[in-house]
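Hi everyone, thanks for making time.

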Amino acid sequence: MAANQIELKPFKLSRNRVWRTYAGGECLERWQGGSHPSDSSFPEEWVASTVIASNAGREEVVEGLSEIVLENGKSITLKDLIRSNPEDILGRRHTAKYGSETAVLVKVLDAGERLTIQVHPDREFAQSAFQSVFGKTEAWYILGGRTIGGEDPYVLLGFKPGMTQAKWKKLFEDQDIPGMIGALHKIPVQPGDVFLVEGGVPHAIGSGCFLIEIQEPTDYTLRVERTTPRGHSLPDQACHQGLGFERMLECFHYEAYDEQETLSRWKKEPVLVRQLAGGSEYALIDQSSTDRFRMHLLEIQDELQVEGNGTFSIAIVISGTGTIVCRGQAQDVSQADEIFFPAVLEQVNWINTGKEPMKVILCYPPE
């Protein structure tokens with residue numbers, strides 16, 4: 001079956017684990033129903049990805065591209081499916097601005113150790129340094145986590161007052177890891193917490209965090225720790241992505257805030273969009289937060305209808321079981337399912353078939 005002959009409907013995505021510099025994945029595998037969940041070097045699930053992962057030392061391995069299994073049993077990458085019919089799949093307004101680029105990437109990740117302290121480029125830096133129209137602003141929705149080494153889940157986010165570029169450079173050159181950790185705010189996290197991490201803001205996901213991440217569609221990560229917490233030495237390329245260390249340090253935004261201001265800027269509270277007898281919808285990240293993407297939460301008690309509005313969407317079932325009905329066709333869905341909805345679909349009915357409310361994260365590209 002040629003790609004341009006494929007019937008457009010809600011597509012369940014295949015599992016898509018990706019190698020990273022840190023260990024994790026036990027919570028992810030347990031959530032997905034794995035029989036022997038454990039940590040490994042594949043702690044991330046990339047969802048609706050048209051991005052190839054950038055892993056120094058693994059350049060010969062092509063990983064990161066999402067796939068769909070068709071009714072004839074054959075697989076096709078989401079990237080190739082989109083290329084066959086970008087306007088119907090991504091939406092006319094979207095393709096007019098971004099072509100066949102999705103302009104968004106979604107991940108589910110589970111940190112079995114603290115990630116290295118890092119920064120992602122804003123769009124201006126990405127354009128100058130990587131000739132990319134996309135930076136890597138991202139947002140996190142905390143699913144849960146675990147206690148590791150006696151420490152509950154947390155994130156490191158933003159510089160504390162007093163930080164300067166010269167001080168940060170000295171900490172980096174000395175590889176003063178305690179000093180770098182101490183320069184960032186350490187914030188405990190709970191399920192349901194939402195954080196926006198803009199390009200240029202230093203951060204690190206702490207050990208024990210299990211979360212959904214929505215981001216711009218790149219893999220630009222600049223790291224200031226040359227050895228991971230578990231003792232894995234990183235090649236220079238994995239730290240500065242080919243820019244050199246001096247240029248890497250220019251990626252950071254050196255604005256520094258106290259903890260209250262940090263939380264005010266980057267911790268987001270859900271906003272109720274609609275509440276009906278069948279369920280509720282909340283905006284977790286909307287246009288008031290960033291113009292890079294949107295993320296909503298559905299809590300379905302009985303049945304909830306979602307309008308397509310001419311754009312594609314990406315769904316992750318957080319918990320529960322149900323059925324999605326679209327164009328008269330029904331598909332069963334359950335916890336950890338990932339679904340891609342082409343833009344041409346006018347509406348989707350979400351029907352809860354379980355005893356507890358079904359919860360779904362809906363991710364959207366820029367408006």
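Predicted model: local features only at pLDDT ≥ 70, side-chain atom pairs only at ≥ 80, totals over all residues.

The largest pocket comes out at about 320 Å³ in volume. It has 21 lining residues, and the ones closest to its centre are Arg93, Arg294, Asn309, Thr311 and Glu367. Helix 4 (92-98), strand 18 (294-300) and strand 19 (303-307) each give two or more residues to that lining, with helix 4 giving the most, four residues. Using those classes, the lining splits into six nonpolar, eight polar and seven charged residues.

Now the second largest pocket, with a volume of about 230 Å³. Here 17 residues form the lining, and nearest the centre you'll find Glu198, Gly199, Val201, His253 and Trp266. Strand 9 and helix 10 (259-266) are the elements that put in two or more residues. By class, that's five nonpolar, five polar and seven charged.

Which residues of helix 6 are buried? In this helix, residues 165-174, they are Trp168, Leu171 and Phe172. They sit on the same side of helix 6, because they cover an arc of only 100° around its axis. The buried residues of helix 6 pack against strand 9 (154-159), helix 7 (177-182) and helix 9 (245-249). And just past the end of helix 6, Gln175 has a positive phi of about 50°.

Technical notes: Residues numbered from 1 in each chain as written. Heavy atoms only, no water. Buried < 20%, exposed > 50% of the residue type's maximum accessible area, 1.4 Å probe, protein only. Arc of directions from axis to C-beta. Contact = heavy atoms within 4.5 Å. 1 Å grid on protein atoms, 1.4 Å probe; cavity = no way out; pocket = protein on both sides within 12 Å on 5 of 7 lines; lining within 4 Å. Points joined across faces, edges and corners; volume = space filled by probe spheres on them. Nonpolar A, V, L, I, M, F, W, Y, C, P; charged D, E, K, R; others polar.
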